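Q: Please take a close look at one part of this model. Then describe how the elements elsewhere in the chain are put together.

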Amino acid sequence: MTSSATALPLWHHENRTLIVITTAKGMVPMLTAELEGLGVAVSGATETGVSIMANMAEVMRLNLLLRTAHRILWKLGDGTANHPTELHKRLTSWPWEKWIPDQGYVCVTASGQTVSGDDPRFVALKVKDAIMDRMNGIFGHRPDSGPARGRTVVHVHWESRFFSAYLDTSGEPLSHRGYRIQPHEAPMRETLAAACLIGSEWSHHTPLVNPMCGSGTVAIEAAMMASSTPAGFLRDNFGFMHLLGFDEGFWKGVREPEAKNRLIRPHAAKIIASDIDPKAVAAAKSNAERAGLSAWISFSVCDFRQTPLPPPPGHIVFNPEYGERLGQDKELTEHYKAIGDFMKQQAKGYTGVVFTGNAEMIKPIGLKPRFKLPLFNGPIECRLLVFDLYDGTKRDRRLKRAEPSEDQR
């Protein structure tokens with residue numbers, strides 16, 4: 001037996017349903033903190049996401065504001081099936097015509113492990129066929145379909161015999177902010193950069209220094225927080241815009257109250273980014289200009305040891321390369337040791353932060369972290385290391401936790 005969405009239209013304010021917000025492993029605490037700061041109650045959590053109850057206006061607002069979320073899924077219903085043919089039969093009876101424009105474009109994604117062991121790509125194909133068969137039976141034609149996530153996206157999670165179907169209101173992942181047109185080499189995902197800032201307890205009232213800045217993602221995410229710029233401010237396309245009944249005026253009523261506060265904060269703290277590679281700094285500047293935040297960040301081309309540091313307290317954030325030969329690369333070991341020496345000798349009174357996917361390189365830093373947070377950079381298990389860099393008086397200068405509600409307003 002399956003259950004479907006309420007009879008109320010998606011856009012009716014009383015139509016509140018279960019919403020699943022996905023993120024990467026290790027980032028659920030940061031996502032939860034963001035939601036709590038926005039006054040949103042979390043009703044459940046897994047290793048890679050949380051669930052809440054919300055209406056579509058609230059879902060649109062969260063798509064605009066959340067910094068550590070990947071996708072926001074509107075639950076349509078659930079049920080049981082033993083194999084893809086049975087799933088197809090179940091879903092053909094669902095009223096897809098209430099949610100999907102008949103002249104639209106549909107992408108179907110799938111996850112989980114079925115009792116029959118089918119590949120998620122095959123499951124997605126059967127779900128797509130069910131939607132198309134239903135729409136063809138109602139309208140006499142089918143919407144277009146394909147892999148692009150720029151329009152209507154349906155997601156099905158099928159675990160053992162139990163499946164749940166959702167409308168992906170984000171479409172493209174929320175990590176696609178829209179400012180990174182110059183990625184440089186191995187860029188950090190925007191949501192991960194935001195998680196590092198939130199997880200390390202940075203406050204926008206204090207300086208943020210980012211040596212080895214690469215394409216500038218950490219510095220730009222910090223500037224977005226400091227300036228009250230919504231995470232999705234630059235995006236002009238979300239999945240909810242391609243659901244039946246979407247009203248541009250309705251969206252403006254959600255977006256404009258959040259966007260009007262952008263940049264109203266004074267430059268409360270310096271944000272400094274440096275890299276020894278001129279091409280990296282050029283890419284970072286270009287990305288910051290695209291975000292409209294170049295005035296908030298001071299860029300310089302230099303070795304990390306020459307990075308200018310404002311008076312403490314502050315945060316200094318490193319995202320060094322991981323290396324390929326764990327524990328065997330002498331040059332990499334010396335590099336991490338130099339990072340530790342720099343923090344100990346030149347960044348006294350700061351909070352030091354190192355994000356690394358190489359556990360063998362933690363020891364050469366030569367500092368004991370106050371805490372470690374497990375995070376994932378794609379499939380790579382990483383650690384966010386947070387150090388107290390005492391200023392010689394032995395007085396603890398640890399920063400108070402930055403309030404997510406301030407970062408989001």
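A: Helix 6 is followed by Ser228, whose phi is positive, near 60°; helices (H or I, at least four residues) and strands (E, at least two) are DSSP runs counted from the N terminus. The model is predicted, with local features requiring pLDDT of at least 70 and side-chain atom pairs pLDDT 80 or more, while totals for chains, interfaces and linings take in all residues. Residue numbers start from 1 along each chain as its sequence is written, and side-chain values use heavy atoms, without hydrogens and water.

Buried means under 20% relative accessible area (1.4 Å probe, protein chains only). The buried residues of helix 6 include Glu221 as well as Val218, Ile220, Met224 and Met225.

Elsewhere, 8 strands form an open sheet with mixed pairing, in the order 2-3-1-4-8-7-5-6; strands pair if DSSP finds at least two bridges between them. Strand 2 (44–46) and strand 6 (144–145) are the edges, each pairing on one side only. Strand 4 (residues 71–80) and strand 8 (residues 162–168) run antiparallel and are joined by 7 bridges. Gly79 stands opposite Phe163 in strand 8.

Helix 1 (residues 28–37) packs on the sheet, touching strand 1 (17–22), strand 2 and strand 3 (49–54); contact means heavy atoms within 4.5 Å. The direction of helix 1 makes about 20° with that of strand 3, where axes are lines fitted to C-alpha atoms, for helices over the stretch in contact, and angles run from 0 to 180 degrees between N-to-C directions. Helix 3 (residues 84–92) also packs on the sheet, against strand 4, strand 7 (152–159) and strand 8, at about 50° to strand 8.

The axes of helix 3 and helix 4 (residues 120–139) come within 8 Å and cross at roughly 30°. Helix 3 is therefore roughly parallel to helix 4 (under 35 degrees; over 145 is roughly antiparallel, 65 to 115 roughly perpendicular, the rest oblique). Among the residues in contact are Leu87, His88 and Leu91 of helix 3 and Phe122, Val123 and Asp133 of helix 4.

Helix 2 (residues 56–65) packs against helix 7 (residues 248–259) at about 45°, with axes 10 Å apart, so the two are oblique to each other. Helix 2 contributes Ala57, Met60, Arg61, Leu64 and Leu65 to the contact, and helix 7 Phe250, Trp251, Val254, Arg255 and Glu258.

Note on methods: Buried < 20%, exposed > 50% of the residue type's maximum accessible area, 1.4 Å probe, protein only.
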